[in-house]
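I opened my notebook to look up a few things in this structure and to write down what I found. Follow along with the sequence and the model beside you.

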Amino acid sequence: MEYSEYFQRFPDAYARIVAGLDRVNTLYAYLIDSGVLDGADSILSIGAGSGEVEVRIAERTGRQIAVIEPSQSYFDQFLENVKAAGVQELLLEAHRTSFEDFQPRRQYDVVLSLFSWFAFELDRELLLKALACRDAEGKLLICLPTADCPASKISAISRSSGINLTSEQLSAWARNEGFDHDYDVYHGVVPAELYLYGDELTEQGRDLASFLAATPWEEMSDELRQMSLAAIQSGKSGDQIDHASGCLIFDAGKHAASE
Ligand SMILES: C[S@@+](CC[C@H](N)C(=O)[O-])C[C@H]1O[C@@H](n2cnc3c(N)ncnc32)[C@H](O)[C@@H]1O
């Protein structure tokens, strides 16, 4: 199964997982607290999904947003979210297309790829294209799970291709290609009881495992179920689980362009 097909097939499962992760609150807080949006008026999000974080940025901070999202259902949901939040006047552009096919018409203060770079893997041309979408002092932020994150461990055994890129792999490759950047970690911490009940996975835990492994729980072998349980348990620290994600920040004002 190809990466884009995977999201077309399981949009609801992904929405449930993101809700369980409390992603909107924690990621929004990270983006504000890390200062990555400081001084930025316009934001382009590549692979925005239904765009809750982007809409919240517009709603709470008045920044202008633009999105690229190929999946029709996510795209429609994004437009509904924009309407529900009443931020239509802050929506610069919405492109229902892949980033590969996207034709930039302007530059943006910040370009975001929040858990969407899986689709592009280690593609130099696409990294150059994303960097060129920033303006002269702008930033590109790419966020992906770390190798230690439970999600990466389950993705490594997934039936879907292209979802096991980690932030460390992308960062090492980018440095090697001459693209200097800062590296920061966003901690998406959730209560362990969301996924674990004793030595078993809760329904949310099974949803997470099934989605990442691209295999319905009923179709998973005992071995796959045990591997998923072990992956999630490995992220447990006290009564919490940290879905740690690495953020690569390519700051045009700070790092010399390697293009
Ligand atoms: C893991 S989701 C992340 C969604 C959202 N940014 C978030 O953080 O929840 C990955 C997104 O990338 C989109 N995507 C897949 N292939 C893409 C491509 N070639 N160009 C742009 N986006 C793509 C998917 O449709 C999906 O919405």
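**Entry 1: Thr-61 and the ground rules**

I started with Thr-61, which counts as partly exposed because it has 15 C-beta neighbours inside 10 Å. For this I used a count of other C-beta atoms within 10 Å of a residue's own, with C-beta atoms placed from the backbone: 20 or more is buried, 12 or fewer is exposed, and in between is partly exposed. I found Thr-61 in helix α4. Here helices (H or I, at least four residues) and strands (E, at least two) are DSSP runs, numbered from the N terminus.

I noted two ground rules. Residues are numbered from 1 along each chain as its sequence is written. The model is predicted, so I kept in mind that local features need pLDDT of at least 70 and side-chain atom pairs count only at pLDDT 80 or more, while totals for chains, interfaces and linings use all residues.

**Entry 2: α4 beside α5**

Next I asked how helices sit against each other. Two packed helices are described by the angle between their axes and the distance between the axes. Helix α4 (residues 52–61) packs against helix α5 (residues 72–85) at about 25 degrees, and their axes are 10 Å apart. I read this angle between N-to-C directions, on a scale from 0 to 180 degrees, with axes as lines fitted to C-alpha atoms, for helices over the stretch in contact. That angle is why α4 is roughly parallel to α5. The cut-offs are under 35 degrees for roughly parallel, over 145 for roughly antiparallel, 65 to 115 for roughly perpendicular, and oblique for the rest.

Which residues make the contact? On α4 they are Glu-52, Val-55 and Glu-59, and on α5 they are Asn-81, Val-82 and Ala-85. Contact here means C-beta atoms, placed from the backbone, within 7 Å. By class, I wrote down three nonpolar, one polar and two charged residues for α4 with α5. Nonpolar covers Ala, Val, Leu, Ile, Met, Phe, Trp, Tyr, Cys and Pro; charged covers Asp, Glu, Lys and Arg; the others, Gly among them, are polar.

**Entry 3: α3 against α4**

I then turned to helix α3 (residues 23–33), whose axis comes within 9 Å of that of α4 and crosses it at roughly 55 degrees. This angle makes α3 oblique to α4. The contact uses Val-24, Leu-27, Tyr-28 and Leu-31 from α3, with Glu-52, Val-53, Arg-56 and Ile-57 from α4. I sorted these residues into six nonpolar, no polar and two charged.

I stayed with Leu-27 for a moment. Is Leu-27 buried or exposed? Leu-27 is buried, with 22 other C-beta atoms within 10 Å. Leaving aside neighbours within four places in sequence, I found Leu-27 in contact with Val-53, Leu-114 and Tyr-186. The C-alpha atoms of Leu-27 and Leu-224 are separated by 30 Å, and these two residues are 197 apart along the chain.

Helix α9 (residues 203–213) is largely enclosed by the rest of the structure, because nine of its eleven residues are buried. Among the buried residues of α9 I listed Arg-206, Asp-207, Leu-208 and Phe-211.

Most residues other than glycine have a negative phi.

**Entry 4: around the ligand**

Last, I looked at the ligand. Of the 20 residues around the ligand, Gly-47, Gly-49, Ser-98, Ser-116 and Ala-119 come nearest; a residue is near if its C-beta atom, placed from the backbone, lies within 6 Å. Helix α1 (residues 3–9) gives the most to this shell, with three residues. By class, I counted twelve nonpolar, six polar and two charged residues in the shell.

Terms used. Contact = placed C-beta atoms within 7 Å.
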